[in-house]
Amino acid sequence: MGLKRWRLENSKGSMAAISVSLKLARRALRQNLLSTLVAVFTVSLSGGLFLGAWKTKQSVKLAFAHSAGGFDAVLGARGSQLQLVLNALFHLENSPGNLDWEQYETIRSHPGVSEAYPFALGDNYLGYRLVGTMPELFLNHQWKSGTNYQVRSPGRIFSESAKEALVGAEVARELGLQLGDRFHPYHGLEYNPDRKHNDIYLVVGILEPTGTPTDQVIWIPLRGVQTMEGHDPEEANSISGVLLNLKGSSGLALDVKYNKQGDRATLAWPVPAILSSFFNRFAWLERSVAALALLMALVGGLIILATLRSTMHERRREFAVLRCMGASRAVVTGSILWQSILLSAFGALGSWIIYFLLSMAVSSLIHLQIGVGMNLPMLDGMALLTGGGILMLGLVSAWFPARKLYRSSLQESLNPHG
Amino acid sequence: MQFLSVENLHLSFRSPNGKSQPVVQVPTFSMEHNQQLAIKGPSGSGKTTFLHMLAGVLTPDSGQVRIDGQSLGAMNESDRDQLRSGMIGYIFQSFNLLNGFSCIENLLLAMSLNGASNLDRARSLLDKVGLIDREDHLPGQLSIGQQQRVAIARALINRPKLVLADEPTGNLDPTNTDRSLELLRSLCKEWGSALILVSHDPRVIGKFEHQVDWEELNQINGSKEVEVGKQ
């Protein structure tokens, strides 16, 4: 038993009272281990869900914003701006259509455009998209401020005119592709073993991981997609879109030109605003999860209250005995408050653990599906605030039983008619 | 000066039909330092209530209790708590050891409530009551007689000036009754603690030199005065 753990020696006055209350609370929790565990688990789950829902939303938004690949805008076929962004930058959804090569040349020469890289889609290898583009994308473009793409040594970037491939880090890891490997692309964006092209591509380079959707793609020369065996020869000069970086406020002028006055192409600009509109579509889900978490927080509070009330009932005699031994009302009431504080503190700790696990799971899932890397969950202000909220919840839940206990007389508990 | 004195102590409870029901009416009662006194009386007659008032657990409707020159009525609750933790040891019929705490921890807890605990002293007392080899046992792991010995040790650990024992042998067999009683009385004597023991058992009462009949002391229907004296 707890001789070694007894820490009351030589503590005096109010410190002794606090120590005794704490000791009593710890014993009560241990004696009611099952209800303690249930209460802690429920509080942890509600706190973890609440924090997870809140933080995941923030992290996903941030991760998507950082994973836009350093582009301001995308020019594509007439259609939805969101579809264009998801297709061009996150390699999701289908391409809304094609653009003529001339359209690429026109926008490339626009004085408000600082970077323009055409890209073409239409094939995959074992489910991973092949994206045709120009080698300059990997030479000149900074996907993150001050950071160019890095090719793992001793690889290199593909040649514009060869059937060569530069493989994203995640694809290489998943498929085990290495330098010198050759593969047949498959037609379409979804893998279908019956639609294998005869062309053979040679892996000449593997990209260093970026934590962006780039890692989930096999990059080949633009001409490769355009002239792939089996593709329509009439489409050999068309592209799926153009990735753009703009100078100053030229986005406004281009927006008017393409979206308001023109009818042949769509300019998806500005990318962050379009992504925000994407997340706004899930606002209902976010609200539902928040409502669920709040409901669970309420349940957590009620469970703490029920645990304390049940404990109080069982410990009624114990409290009376303690009072007879000289324990003040503050000591016995304090033990109830401590019990609640400990429950809540463990609940807060548990909620952080659940939040951490939840975030890791969501992060892995998102990274696996679309290559967007999320930052590791941290104990930031919101996490600490949630922990504080749980402690407050515990104290509020303990308030009523503690108040009742404080006001109760020994006469009720000790059956004084003896 | 008397160590303990009671004057015109009166307490009523409200009965279920709303009427005031007098429970304790003690005109005068006193005892000396180190005195050991047994109060005999039937169950349910108000003896425990009387002990609770002596301990400051219950506040009388009127009257006064003075312990070692201090009037309980003049004290606030905090002072009475302090008085109970340091000056009074309380023993219950059902022992009321704290179940989640080992024997030694029950003693240490009582010491802590008095301000500071001392492991050596707690062990020494457990040794005196013959339970040093059970110091880490929980109450549920002890026999009834052993539990009562721990309860006695707990009541005496702060060397109180007054020990109140409420039917302390009510749940014990004759052998354990004799043993516990002997232990309680000898420890009180050794440490100079006054002892008031209430019981309905004539065999227990008979072992005390000083005895009081509760029905004479508690004059709900009369006005007799009873003095503590040799039987």
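A:Val203 counts as buried because 21 C-beta neighbours lie inside 10 Å; a residue is called buried if 20 or more other C-beta atoms lie within 10 Å of its own, exposed if 12 or fewer, and partly exposed in between, with C-beta atoms placed from the backbone. This is a predicted model, in which local features need pLDDT of at least 70, side-chain atom pairs count only at pLDDT 80 or more, and totals for chains, interfaces and linings use all residues. Residues are numbered from 1 along each chain as its sequence is written, while chains are lettered from A and ligands numbered from 1 in the order in which they are written.

A:Val203 belongs to strand S10 (residues 201-206) of chain A; helices (H or I, at least four residues) and strands (E, at least two) are DSSP runs, numbered from the N terminus. Leaving aside residues up to four places away in sequence, A:Val203 touches A:Ala165, A:Val167, A:Leu177, A:Gln178, A:Leu179, A:Gly180 and A:Asp181, where a contact requires C-beta atoms, placed from the backbone, to lie within 7 Å. A:Leu179 is 24 residues away from A:Val203 along the chain, yet 5.2 Å separates their C-alpha atoms.

Chain A as a whole can be described next. Its secondary structure comes to 13 helices and 14 strands. Of the 418 residues in chain A, 45% are buried. Among the contacts in chain A between residues at least 6 apart in sequence, 79% join residues at least 24 apart.

Two packed helices are described by the angle between their axes and the distance between the axes. Here, axes are lines fitted to C-alpha atoms, for helices over the stretch in contact, and angles run from 0 to 180 degrees between N-to-C directions. Helix H11 (residues 329-370) and helix H12 (residues 381-407) of chain A pack at about 155°, with axes 8 Å apart. H11(A) and H12(A) are therefore roughly antiparallel to each other, given that angles under 35 degrees count as roughly parallel, over 145 as roughly antiparallel, 65 to 115 as roughly perpendicular and the rest as oblique. H11(A) also packs against helix H2 (residues 33-66) of chain A, at an angle of about 40° and with the axes 6 Å apart, so H2(A) and H11(A) are oblique to each other. The crossing of H11(A) and H12(A) is right-handed, and the crossing of H2(A) and H11(A) is right-handed too; a crossing is right-handed if the near helix is turned clockwise from the far one by less than a right angle, and left-handed if anticlockwise.

Chain A also contains cis peptide bonds. One joins A:Ser153 and A:Pro154, with omega about 10°, and A:Pro154 sits in the loop between strand S6 (147-148) and strand S7 (164-167) of chain A. The peptide bond from A:Trp269 to A:Pro270 is cis as well, with omega near -10°; A:Pro270 is placed in the loop between strand S14 (265-268) and helix H9 (271-280) of chain A.

S1(B) and S2(B) are joined by 10 bridges and run antiparallel, with B:Leu9 opposite B:Val26 in S2(B). These two strands form a hairpin with 5 residues between them, and B:Gly18 in the turn has a positive phi of about 90°. Strand S1 (residues 4-14) is also joined to strand S4 (residues 62-67) of chain B, by 5 bridges, and B:Val6 stands opposite B:Val65 in S4(B).

B:Asn8 counts as exposed because it has 12 C-beta neighbours inside 10 Å. B:Arg159 likewise has a positive phi, near 50°, without being a glycine.

Finally, the predictor gives the complex an ipTM of 0.81 and a pTM of 0.67.

Notes
Two strands pair if DSSP finds at least two bridges between them. Two residues are in contact if their C-beta atoms, placed from the backbone, lie within 7 Å.
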